[in-house]
Amino acid sequence: MTTRTCTSAASAIALSLLFAAVAPPVSAQPVHIALVRTAEQAGLVDITTLSPDITLDMRYAGPNNFTGRPVPGYEAPKCLLLRPAAKALAQVEEDLRGQGYGLQLFDCYRPAQSVRAFVDWANDPLEQSRRAQQYPGLDKPALLGGYIAETSGHSRGATVDLGLLDCRSDPCSVIDMGTDFDFFGPRAHTDAPDITPTQYRNRQTLLQAMQRQGFANYPQEWWHYTLSPEPSPTTAFDVPVR
């Protein structure tokens, strides 16, 4: 889907984890998958070519994610983005380093095949290995529809999931943001009222740094940002991350 909608009180509270565009809304035109075979043909670039020291923690290339296993389509732990988004993200990293911070990247471009793999996972009632960590207040069938859908804004190459690092000493260390990445629940909302003042300040530091370079936050996920306006709002891709 290309927008997030809340169709019940439950979905108004819970966050849509992965699969829709962030505010502000994009064009209502249908999104199509481009018939390209490589990242280069899609115009996707590796963020490390612009920001060599940025920290990668690409969750879906390994087992540390809500599915508990590497996700099809992620053949390498790389962050690929369309060049305008990659350039803007590299500038965020540069700005933050000047303040003693850095970025920890969890996900960038997401192949359409990976989104389909998430749907297949959600339809498997037996795989519940990460429920306690990431969706403790929800039954797995409730993730479908409002939470896991058939398309993702990440597949358009201008959306990133990321956290904040303290880089005042070497190596950088993870900063407490109040929840882990990909947590289903109200505490993941950017302005959640029940996080500590320090956690709130950390989220605001990330928010302000991203906004300065044109990224818009989806307010139900402190980690989720999309470059606005999107470079390619009606085109998605299905080339593997490799």
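Visitor: Let's start with H6: which of its residues are buried?
Guide: First, some background: this is a predicted model, in which local features need pLDDT of at least 70 and side-chain atom pairs count only at pLDDT 80 or more, while totals for chains, interfaces and linings use all residues. Residues are numbered from 1 along each chain as its sequence is written, and side-chain values use heavy atoms, leaving out hydrogens and water. Buried means under 20% relative accessible area, with exposed over 50% and partly exposed in between (1.4 Å probe, protein chains only). In H6, the buried ones are Gln 199, Asn 202, Arg 203, Gln 204, Thr 205, Leu 206, Leu 207, Ala 209 and Met 210.

Visitor: And what covers those buried residues of H6?
Guide: Labels first: helices (H or I, at least four residues) and strands (E, at least two) are DSSP runs, numbered from the N terminus. Contact here means heavy atoms within 4.5 Å. The cover of the buried H6 residues includes H3, E5, E6, E8 and E9.

Visitor: How far does H6 reach from its first C-alpha to its last?
Guide: H6 spans residues 197–212, so count 16 residues. The expected span of a helix is 1.5 Å times one less than its number of residues. For H6 the expectation is 22 Å, and the reach from first C-alpha to last is close to that, at 22 Å.

Visitor: What about H3: how far apart are its end C-alpha atoms?
Guide: H3 covers residues 83–97, and several of its residues are buried, including Ala 85, Leu 89 and Val 92. With 15 residues at 1.5 Å a residue, H3 should span 21 Å. The model agrees with that, since the end C-alpha atoms are apart by 21 Å.

Visitor: How many of the residues of strand E6 are buried?
Guide: E6 takes in residues 159–166. The strand is mostly covered, and out of its eight residues the buried count is eight.

Visitor: In E9, which residue is the bridge partner of Asp 161?
Guide: E9 runs over residues 224–227 and pairs with E6 in the antiparallel sense over three bridges. In E9, the partner of Asp 161 is His 224.

Visitor: How many residues sit between E6 and E7 in their hairpin?
Guide: E7 (residues 173–174) runs antiparallel to E6, joined by two bridges. Between the two strands of the hairpin, the number of residues is six.

Visitor: Now the rings! What is the angle between the planes of Tyr 60 and Phe 118?
Guide: Rings of Phe, Tyr and Trp (its six-membered ring) pair if their centres lie within 6.5 Å; planes under 30 degrees apart count as stacked, over 60 as edge-to-face and the rest as tilted. A search of the whole structure finds 12 such pairs. Tyr 60 and Phe 118 make an edge-to-face one, 5.1 Å centre to centre, with an angle between the planes of 65°.

Visitor: How many residues apart in sequence are the parts that this pair ties together?
Guide: Tyr 60 and Phe 118 are both buried. Tyr 60 lies in the loop between E3 (55–56) and E4 (80–82), while Phe 118 belongs to H4 (residues 112–122), so the pair ties together parts whose separation in residues is 58.

Visitor: Which residue lies over the face of Trp 121?
Guide: Trp 121 also forms an edge-to-face pair with Phe 66, 4.8 Å centre to centre. A charge sits over a ring if NZ of Lys or CZ of Arg is within 6 Å of the ring centre and within 35 degrees of the ring normal. At 4.1 Å from the ring centre of Trp 121, the residue over its face is Lys 140.

Visitor: Which side chain has a polar contact of 3.4 Å with that of Arg 59?
Guide: Arg 59 is in the loop between E3 and E4, and it counts as buried because its relative accessible area is 8%. A polar contact is a pair of N or O atoms within 3.5 Å; within protein, one must be able to donate a hydrogen and the other to accept it, and residues adjacent in sequence count only if both atoms are side-chain atoms. The partner of Arg 59 at 3.4 Å is Asp 180.

Notes:
Pairing = 2+ DSSP bridges.
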